[in-house]
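Here are my comments on the model, as numbered points. Please read them with the coordinates open.

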Amino acid sequence: MTEVQLLQTIGLSVVGLGGAILLFVKARFVRVVAFVSIVLGGFTLVALSIPQMASLPPGVEKFDVASIKDKKELASIGQKIFFGKGQCALCHTIGTGEGRCPDLKGIGSKLTRDFMYESLTQPQAYVYKDYEHVGPAKFFPAKMPYINKKPIGLSKNEILAVIAFLQNMSGEEVTVELSEIEVPGSAGSASRRGVL
Ligand code: HEC
């Protein structure tokens with residue numbers, strides 16, 4: 001018997017007992033107590049029938065830097081970060097129309113790599129560039145977060161992977177070199193070993 005089933009059984013017995021007392025006992029005080037237990041037991045049963053939903057933070061994905069063989073692989077890691085840990089997809093769409101935030105379709109062709117890096121790490125320093133839009137700057141109800149700071153807090157490697165993904169999905173050549181991926185604990189990047 002699970003915990004919920006046990007509590008449901010207890011709730012049902014409380015309601016049943018209360019009902020029986022109401023039917024057969026005449027003493028007023030006991031009847032009031034029985035009525036209250038029916039109401040409370042009923043609430044408990046309703047509460048227990050609501051499905052339990054646990055909201056856990058997204059699982060932390062670790063990537064083995066040493067296993068990255070080519071830029072395509074880096075881009076696919078970036079894709080996972082985009083839809084997972086980076087939380088980008090909470091705000092941004094890719095080609096399905098602009099909602100609360102700019103659609104990022106083709107962003108890798110519109111923005112240079114350095115501009116993208118700055119857009120991500122110093123979002124307030126740049127104005128949203130919409131190349132088809134004329135007139136006053138568009139207003140977005142949401143704000144681009146600093147993705148290198150908490151709560152998202154992506155590492156430099158992870159940001160580079162996301163940029164690789166944005167370039168790749170825009171049909172551009174990925175300009176992030178594998179040698180730029182930093183290995184934790186080693187100054188050079190001669191041996192890429194460790195975890196992203
Ligand atoms: C809370 C919502 C939100 C999240 C999460 C978010 N962004 Fe943004 N992003 C925005 C908004 C809003 C803008 C428009 C610029 C502004 O007004 O700050 C923007 C702008 C951008 C731009 C510049 C677009 C342009 O055309 O200049 C890029 C690139 C970008 N975001 C990428 C990302 C990536 C990659 C992630 C995940 C690591 C991410 N964003 C997460 C809201 C968000």
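1. Val-162 touches Gly-78, Ile-81, Phe-82 and Gly-86, leaving out residues up to four places away in sequence. Contact here means that two C-beta atoms, placed from the backbone, lie within 7 Å. Val-162 is also listed, with Leu-74, Ala-161 and Ala-164, among the residues with the most contacts inside the largest nonpolar core, which has 26 residues. The elements that give two or more residues to this core are α3 and α7, and α7 gives the most, with eight residues. Such a core is a set of buried Ala, Val, Leu, Ile, Met, Phe, Trp, Tyr and Cys residues joined through C-beta atoms within 7 Å. In soluble globular proteins, nonpolar side chains tend to be buried together.

2. On provenance: this is a predicted model, in which local features need pLDDT of at least 70 and side-chain atom pairs count only at pLDDT 80 or more, while totals for chains, interfaces and linings use all residues. Residues are numbered from 1 along each chain as its sequence is written.

3. Overall content: the protein chain has seven helices and zero strands. Helices (H or I, at least four residues) and strands (E, at least two) are DSSP runs, numbered from the N terminus. Buried residues make up 20% of the 196 residues in the protein chain. A residue is buried if 20 or more other C-beta atoms lie within 10 Å of its own, exposed if 12 or fewer, and partly exposed in between, with C-beta atoms placed from the backbone. Of the contacts with a separation of 6 or more, 57% are between residues 24 or more positions apart.

4. Helix α3 has 13 residues and reaches 18 Å from its first C-alpha to its last, close to the 18 Å expected at 1.5 Å a residue; the expected span is 1.5 Å times one less than the number of residues. Its buried residues are Leu-74, Ala-75, Ile-77, Gly-78, Gln-79, Ile-81 and Phe-82. What covers them includes α4 and α7.

5. Ile-81, in helix α3, counts as buried because 25 other C-beta atoms lie within 10 Å. Beyond its neighbours within four places in sequence, Ile-81 is in contact with Gly-86, Leu-154, Glu-158, Ala-161 and Val-162. The C-alpha atoms of Ile-81 and Leu-154 are separated by 8.9 Å, although the two are 73 residues apart along the chain.

6. Apart from neighbours within four places in sequence, Phe-35 is in contact with Gly-18 and Leu-22.

7. The ligand has 23 residues around it, of which Gly-86, Cys-88, Cys-91, Phe-140 and Met-144 come nearest; a residue is near a molecule if its C-beta atom, placed from the backbone, lies within 6 Å of it. By class the shell has 17 nonpolar, four polar and two charged residues. Ala, Val, Leu, Ile, Met, Phe, Trp, Tyr, Cys and Pro count as nonpolar, Asp, Glu, Lys and Arg as charged, and the others, Gly among them, as polar. α4 and α6 each supply at least two residues of the shell.

8. A cis peptide bond joins Lys-150 and Pro-151, with omega about 5°, and Pro-151 lies in the loop between α6 (113-121) and α7 (156-169). Gln-87, in the loop between α3 (71-83) and α4 (88-91), has phi near 60°, a positive value in a residue other than glycine.
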